[in-house]
Amino acid sequence: MSFSGMVKEELSRQISMARHCRLAEITALLSACGRMTAEGGLHFQTENYAVIRKYFTLLTKTFNIETAIVIREGSHLKRGKEYLVEVTDPARTEEVLQGTKLSVDNETGLLEMDNSLVVQMNCCKRAFIRGTFLSSGSISDPEKGYHFEIVCPDSRKAEQLQ
């Protein structure tokens, strides 16, 4: 396992006791890997099992939503597995969106954070950065040279993270 994978595995086991911090981490995970379905459900997909396990646990502990992790084989271009958690009930989806203060881009179905209310406290800022790193970050082994990065799809999300 890579150094980055080991760090993500360790971070995926850290579950905050405070609901506000769990909301901040869910917000980060959904804004990176989540989208709305045409049927009004919430779709979360990743290639990292530790990340899907963390999202599943946060969703269960924060919103008491019962769902399952679906495992699919990657396409012929992507080797490995893809993990998926989907909330199909539109009422529960709305509950998650209200709690995380995420809005939906109607054209793409992608989720965006319009309100920085979920990251007001320092503990929530750390949880948000942790969730963003888990979903789209990497870090190199410090013994081989320092390198830390989080890939953002656009400048707006980079500014929010900053």
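User: Is Thr 100 buried or exposed?

Analyst: This is a predicted model, in which local features need pLDDT of at least 70 and side-chain atom pairs count only at pLDDT 80 or more, while totals for chains, interfaces and linings use all residues. Residues are numbered from 1 along each chain as its sequence is written, and side-chain values use heavy atoms, with hydrogens and water left out. Buried means under 20% relative accessible area, exposed over 50%, and partly exposed in between, for a 1.4 Å probe and protein chains only. Thr 100 has a relative accessible area of 0%, so Thr 100 is buried.

User: Which residues does Thr 100 touch?

Analyst: Contact means heavy atoms within 4.5 Å. Leaving aside residues up to four places away in sequence, Thr 100 touches Leu 23, Ile 26, Thr 27 and Val 118. Thr 100 itself belongs to helix H4, residues 90-100; helices (H or I, at least four residues) and strands (E, at least two) are DSSP runs, numbered from the N terminus.

User: At what angle do helix H2 and helix H3 pack?

Analyst: Axes are lines fitted to C-alpha atoms, for helices over the stretch in contact, and angles run from 0 to 180 degrees between N-to-C directions. Helix H2 (residues 19-33) and helix H3 (residues 49-63) pack at about 135°, with axes 10 Å apart. H2 is therefore oblique to H3; angles under 35 degrees count as roughly parallel, over 145 as roughly antiparallel, 65 to 115 as roughly perpendicular and the rest as oblique. Residues making the contact include Leu 23 and Ile 26 of H2 and Tyr 55 and Leu 58 of H3.

User: Which residues of H1 and H5 meet?

Analyst: Ser 4, Val 7, Lys 8, Leu 11 and Ser 12 in H1 meet Arg 130, Phe 133 and Leu 134 in H5. Helix H1 (residues 3-12) and helix H5 (residues 122-136) pack at about 135°, with their axes 10 Å apart, and H1 and H5 are therefore oblique to each other.

User: What is the phi of Asn 64, and where is this residue found?

Analyst: Phi of Asn 64 is near 55°, a positive value in a residue other than glycine. Asn 64 lies in the loop between H3 and strand S3 (69-73), and Asn 64 counts as exposed at 55% relative accessibility. Lys 101 also has a positive phi, near 60°, but Lys 101 counts as partly exposed at 33% relative accessibility.
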